[in-house]
Amino acid sequence: MTVRTMLAGGRILVCDGAMGTMLHAAGNSLDQALPALNLSNPALVRAIHESYIGAGVDIIQTNTFAASRIRLAEHDFGDRVDEINQAGVRTARQAIPAGSSVLVAGSVSPAVSVRQRRRVGAPERAAALREQIHALAGVDLIILETFGYLDELVEAITVAGEVTDLPLIAQATFGADGRTLSGHTPREVAAAVSGFPVAALGTNCTLGPQRSLAVARELRECTDLPLSVQPNSGLPRRVAPARFEYEVDADYFAGYVRQALETGAAIVGGCCGTTPTHLAAVAEVANSRRRQLAPRTGGPAGPATVSSGHESATQPSGLPGEPGRRVAIVELTPPLTGDAGQTLTTATELASLGVDLICLAATRTSRAHVSAIDLAVHLHQSAGLDTIASVTTWDRTIMALQADLLGAHALGLRRIVCETGTPPLVGDYPHVDGIWDVDSVGLIELLSSLNDGIDYYRLQLGSKTDFSVGGRINPGSRDPEREADRALAKISAGAQFLITRPIYELTGLRQLLGALGGRVPVLAAIRPLASYEEAEYLRHEVPDVIIPAQTLACLEQAGPDAARAGIQLAADLAAEVRELTGGIVIAPGTDVLATTVLATTGAILAGYRRSA
């Protein structure tokens, strides 16, 4: 029975999970040519295939993601396309037990990486895809996966249709904003591929199970094609320079797969971070769904219902929260466009509420956005507002960071929060293109050195800077001792204040404060939860975030009033932290209206001040 026949008959198929991150867990770097392991270590690749088959999947994918000539050439394997892809097919076939009905899918990624796209044209991309798909002879179907650019997905579908008559599964990857890297919505993706010979349309990678479900639901509204859903296992945790791990448990993952099946997904599986344990849970859910549908006629299962006049001036260094006075800060996210007018208006109104400082957050997006440093300078020069800028070190050389900081100092910026940061997820493997000359501790050391009049190369500056230097700490860390050691290292490097990651309970905060012993002021970040779904997402998919069970229960019981309940929970928490910390940082969240920011801030400030 072919894949087309199975899907047309309403058959639910379970695809496998991650290959790349499983190879990574076995000690292989994500920035190497992982498909080349088909030649150098086929036993490892086969073992991973066998583990997924043992978990009960219906489809395994060849280890040929990023095995186009263009991508392999970056690792000096460009002349071995046929050899690597054919070895991938052979290894997958060898892993299937005799008599098994498991299918082999040829995994085909975009012909170029995001970085290569700028210098490689469509004809060259198409030629690379054509060559790879030819080399995948012997598979049962082709899965076009992790396509972030719609034009490349359409190109790939077109090329594949010319090369083979095998069933094609087309999967786009979407960001947290619900759009592809090229800025297209699920509806636009569905419209673009309509009319092409695609057996199923879906999404994989980048997003975890909750947000992948949202994409699947939107796709279901605008296409009759069978759907495929293969989420990541939440967000990765960077445990070392080029080492990552995931934490989402199998039961949580399978719970969202169940909802995807109820939405009408026909193919379910996993992507980065998923393991045979996750896929065993998925297979169990799929079997349960099959049993539910068994009494039906066998037809396709339909979707379930489902300018101010202010002159430029230097800001004072230090925090306004001197001993005996606690500081209130609001964190705003820089806009994606160059128009900072709304941010300026909102910041000015926040100041009128009694907010002491405006903190400009470091953004984590693949889209063009306004620099936190530039916006902090703009708010101060345009409206006389006291500001803090968060600065991350990823993808910045130390010399570029130093130049930006000295320029900001010359323009009056005095407060910096140092963060290591992580690159935005843009498909492929997590943060594989990230570059860190220094981490947050190194950035703190640089700023402290500039304050002493010494640059990175230990050369004397013309004058000393007077930055107030801060860092981030996380009371929710799963390794409290390591987090405390890390915080103490930041203090030793020169941090003069510390801001927590958003907290939702106090146990971890009290423990971390005890370890720090009052060495520097600590400000607690408070971020209201907008819904039960958001709380569940943070608890299960985002590393090192603790959401108490009672908080989840409160938001679930609140139903349509969950946002209001979340603000009240944040206000109550703010009242409790007042006697523990030197102040609070209110983080209303991204993509919220200015009126919501003001109302949220006012409510949390009221809770904070009522305990005074």
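Q: Which residue of β14 is the bridge partner of T392?
A: E419 is the bridge partner of T392 in β14. This is a predicted model, where local features need pLDDT of at least 70, side-chain atom pairs count only at pLDDT 80 or more, and totals for chains, interfaces and linings use all residues. Residues are numbered from 1 along each chain as its sequence is written, and side-chain values use heavy atoms, without hydrogens and water.

Q: What makes β13 and β14 a pair?
A: Strand β13 (residues 387-392) and strand β14 (residues 415-419) run parallel and are joined by 4 bridges. Pairing takes at least two DSSP bridges between two strands, so β13 and β14 pair. Strands (E, at least two residues) and helices (H or I, at least four) are DSSP runs, numbered from the N terminus.

Q: Which strands form the closed barrel?
A: The barrel has 8 strands, in the order β11-β12-β13-β14-β15-β16-β17-β18, and the pairing is parallel. On average, neighbouring strands of this sheet are turned by 25 degrees against each other, with direction ignored.

Q: What lies across β11 and β12?
A: Helix α13 (residues 341-352) lies across β11 (327-332) and β12 (357-360), at about 165 degrees to β11. Helix α21 (residues 562-577) also packs on the sheet, touching β17 (522-526) and β18 (583-586), and its direction makes about 170 degrees with that of β17. Contact means heavy atoms within 4.5 Å.

Q: Why is α19 called roughly antiparallel to α20?
A: The axes of α19 (residues 532-541) and α20 (residues 549-558) come within 8 Å and cross at roughly 155 degrees. Angles run from 0 to 180 degrees between N-to-C directions, along lines fitted to C-alpha atoms. Over 145 degrees counts as roughly antiparallel, so α19 is roughly antiparallel to α20.

Q: Which residues of α19 and α20 meet?
A: Y532, A535, E536 and R539 of α19 meet A549, L552, L555 and E556 of α20. By class, this contact has 5 nonpolar, no polar and 3 charged residues.

Q: Which residues of α7 take part in the contact with α8?
A: A122, R125, A126, L129, R130, I133 and H134 of α7 meet residues of α8, including D151, E155 and V159.

Terms used:
Parallel < 35°, antiparallel > 145°, perpendicular 65-115°, else oblique. Nonpolar A, V, L, I, M, F, W, Y, C, P; charged D, E, K, R; others polar.
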